[in-house]
Amino acid sequence: MSAVSLRPYVPADLKRCAEIFRASVEELTAEDYSAEQREAWASTADNEEAFAARVGGGLTLIAIIDGASAGFATLKGEDTIEMLYVAPEFACHGVGRTLVDALTRLAAARGAKRLTTEASDVSKPLFEKSGFSAQKRNLVRVGDEWLANTTMTKTLGAEPPPPTRH
Ligand SMILES: CC(C)(COP(=O)(O)OP(=O)(O)OC[C@H]1O[C@@H](n2cnc3c(N)ncnc32)[C@H](O)[C@@H]1OP(=O)(O)O)[C@@H](O)C(=O)NCCC(=O)NCCS
């Protein structure tokens, strides 16, 4: 598979983002969430206006592979990763990691000292590998279901500077 590139979200991406959102929840979270929980979660994209407000209300990046939208992630304000969804056909190819790394750099550029996310049980290993640590477990009401996630944070600005050339 070709390399992942990134570009900012534009409103024309809305339909594809909703498609990726539904498919990733339905197909990539089955080990950790029940069919009822996945259905409640996926159906939060059904209200187009509310979904558009979530995706368009922050800084959303679209990941592109071979010209196709492979995933997206949203930075809300300067310090919260609000959404991270990868299309099942592009899973396990570094798309999620690329999006998290890019949003981490953008958050740092916006002056954030700490980045926070409510990580699903599926995304927790990825966030751990990206330097986030678990703070607390949460139960979130989605429709008629309760879904578990974990508040995770990463301190920014503590990474060593790049090596200088001599
Ligand atoms: C979680 C998700 C974004 C991961 O996307 P992805 O593109 O497949 O992840 P990557 O390929 O970038 O993986 C990055 C690293 O995390 C690891 N990883 C990712 N998902 C993992 C999982 N479920 N279990 C264990 N490790 C996992 C990978 O092995 C990889 O490790 P490596 O860099 O050492 O090889 C994707 O599975 C998804 O969209 N899930 C459904 C929606 C969801 O839960 N979103 C999070 C809402 S907070």
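Tutor: Let us begin with burial: a residue is buried under 20% relative accessible area, exposed over 50% and partly exposed in between, using a 1.4 Å probe and protein chains only. Helices (H or I, at least four residues) and strands (E, at least two) are DSSP runs, numbered from the N terminus. In strand S5, five of the seven residues are buried, so the strand is largely enclosed by the rest of the structure. This is a predicted model, in which local features need pLDDT of at least 70 and side-chain atom pairs count only at pLDDT 80 or more, while totals for chains, interfaces and linings use all residues. Residues are numbered from 1 along each chain as its sequence is written, and side-chain values use heavy atoms, with hydrogens and water left out.

Student: In what order do the seven strands form the sheet?

Tutor: Two strands pair if DSSP finds at least two bridges between them. Here the seven strands make an open sheet of mixed pairing, in the order S1-S2-S3-S4-S5-S7-S6. Strands S1 (5–8) and S6 (133–142) each have a single partner strand and stand at the edges, so one side of each is left without a neighbour in the sheet. From one strand to the next, the twist averages 30°; axes are lines fitted to C-alpha atoms, for helices over the stretch in contact, and angles run from 0 to 180 degrees between N-to-C directions.

Student: How many bridges join S5 to S7, and in which sense do S4 and S5 pair?

Tutor: S5 (residues 114–120) and S7 (residues 145–155) run antiparallel and are joined by seven bridges. S4 and S5 pair in the parallel sense, over two bridges. Threonine 117 illustrates both pairings: it stands opposite methionine 152 in S7 and is the bridge partner of isoleucine 81.

Student: Which strands does helix H2 touch?

Tutor: Contact means heavy atoms within 4.5 Å. Helix H2 (residues 35–42) packs on the sheet and touches S4, S5, S6 and S7, its direction making about 65° with that of S7. Its buried residues include Trp41 and Ala42, and the buried residues of H2 pack against H1, S4, S5, S6 and S7.

Student: Where does threonine 153 lie, and is it buried or exposed?

Tutor: Threonine 153 belongs to strand S7 and is buried, with a relative accessible area of 7%. A polar contact is a pair of N or O atoms within 3.5 Å; within protein, one must be able to donate a hydrogen and the other to accept it, and residues adjacent in sequence count only if both atoms are side-chain atoms. The side chain of threonine 153 makes such a contact with that of glutamine 135, at 2.7 Å.

Student: How many disulfides are there?

Tutor: A disulfide is a pair of cysteine sulfur atoms within 2.5 Å. The count is zero. The sulfur of cysteine 17 is 20 Å from the closest cysteine sulfur, in cysteine 92, which is too far for a bond. Cysteine 17 is buried, with a relative accessible area of 2%, whereas cysteine 92 is exposed, at 82%.

Student: How many residues surround the ligand?

Tutor: A residue is near a molecule or strand if one of its heavy atoms lies within 4 Å of it. The ligand is surrounded by 22 residues, and Cys92 is among the closest. A backbone N or O atom of leucine 84 lies 2.7 Å from a ligand nitrogen atom. A polar side-chain atom of serine 120 lies 2.7 Å from an oxygen atom of the ligand, and a polar backbone atom of glycine 94 is 2.8 Å from a ligand oxygen atom.
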